[in-house]
Amino acid sequence: MLGAGRDLAHRRCVAGRRVSDKPDNLSAFHETSAADVVIAWAAIKNLSATAAWADLGRIAGKAPQRGIYISAWLGY
């Protein structure tokens, strides 16, 4: 792992990032590193929301794989 970070922006909010190298174990394909950024917020004890962006890089010769993740949780 090249770098990782986590930061408590507020008592109820956390943000983080990660960048990691992948071993290039497939001799037929070149693979690249991966990275992600995430932020989570807990509004109250029973309500939270998470948003993230992930770049998985090239896996087994496929085009770079990127996407977003959004989640909300409500408990009672």
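Asp55 lies in strand E4, which covers residues 47-57, and in this predicted model Asp55 is buried, with a relative accessible area of 15%. The side chain of Asp55 takes part in a salt bridge with Arg66, in which the closest N and O atoms are 3.3 Å apart, and this pair links distant parts of the chain, since Arg66 belongs to strand E5 and Asp55 to strand E4, 11 residues apart. The protein chain around this pair has five strands and zero helices, and 13% of its 76 residues count as buried.

**Asp55 and its surroundings**

- Besides its salt bridge with Arg66, the side chain of Asp55 reaches the backbone nitrogen of Gly57, at a distance of 2.9 Å.
- When residues up to four places away in sequence are not counted, Asp55 touches Ser33, Ala34, Ala35, Gln65 and Arg66.
- Side chains of opposite charge can pair when their charged atoms come close.

**Asp36 and the second salt bridge**

- The structure holds two salt bridges, and one of them joins the side chains of Asp36 and Arg18, with 2.8 Å from N to O.
- This pair also links distant parts of the chain, with Asp36 in strand E3 and Arg18 in strand E2 (residues 13-20), 18 residues apart.
- The strand that holds Asp36, E3, takes in residues 34-44, and the side chains of Asp36 and Arg18 are likewise joined by a polar contact of 2.8 Å.
- Arg18 is partly exposed, because its relative accessible area of 37% lies between the limits of 20% and 50%.
- Apart from its neighbours within four places in sequence, Asp36 is in contact with Gly16, Arg17, Arg18, Trp53 and Ala54.

**Strands E4 and E5**

- Strands E4 and E5 pair in the antiparallel sense, and this pairing extends over 10 bridges.
- One of the residues involved is Ser48, whose bridge partner in E5 is Trp73.
- Strand E5, made up of residues 65-74, is hardly covered, for the count of buried residues among its 10 residues is zero.
- In a regular strand the side chains alternate between the two faces of the sheet.

- Thr50 and Ala40 are 10 residues apart in sequence, while their C-alpha atoms are 4.3 Å apart in space.
- If its neighbours within four places in sequence are left aside, the contacts of Thr50 are Val38, Ile39, Ala40, Tyr69, Ile70 and Ser71.

**The loop between E4 and E5**

- Lys62 has its place in the loop between E4 and E5, and it is exposed because its relative accessible area of 55% is over 50%.
- Although Lys62 and Phe29 are separated by 33 residues in sequence, the distance between them in space is 8.9 Å from C-alpha to C-alpha.

**The chain as a whole**

- From the N terminus on, the elements of the protein chain run β-β-β-β-β.
- Among contacts between residues at least 6 apart in sequence, 29% join residues that are at least 24 apart.
- The protein chain exposes about 6,000 Å², and carbon and sulfur atoms supply 61% of this area.

**Confidence of the prediction**

- The pLDDT of the protein chain averages 82, and 83% of the residues score at least 70.
- Among the elements of the protein chain, strand E1 (residues 3-10) has the lowest mean pLDDT, at 57, whereas E5 has the highest, at 94.

Notes: Residues numbered from 1 in each chain as written. Predicted model: local features only at pLDDT ≥ 70, side-chain atom pairs only at ≥ 80, totals over all residues. Heavy atoms only, no water. Helix = DSSP H or I, 4+ residues; strand = E, 2+ residues; numbered from the N terminus. Buried < 20%, exposed > 50% of the residue type's maximum accessible area, 1.4 Å probe, protein only. Polar contact = N/O pair within 3.5 Å; in protein donor to acceptor, adjacent residues only side chain to side chain. Contact = heavy atoms within 4.5 Å. Pairing = 2+ DSSP bridges. pLDDT = per-residue confidence, 0-100. Areas by Shrake-Rupley, 256 points an atom, 1.4 Å probe, with all protein chains shown as cover. Salt bridge = Lys/Arg side-chain N within 4 Å of Asp/Glu carboxyl O.
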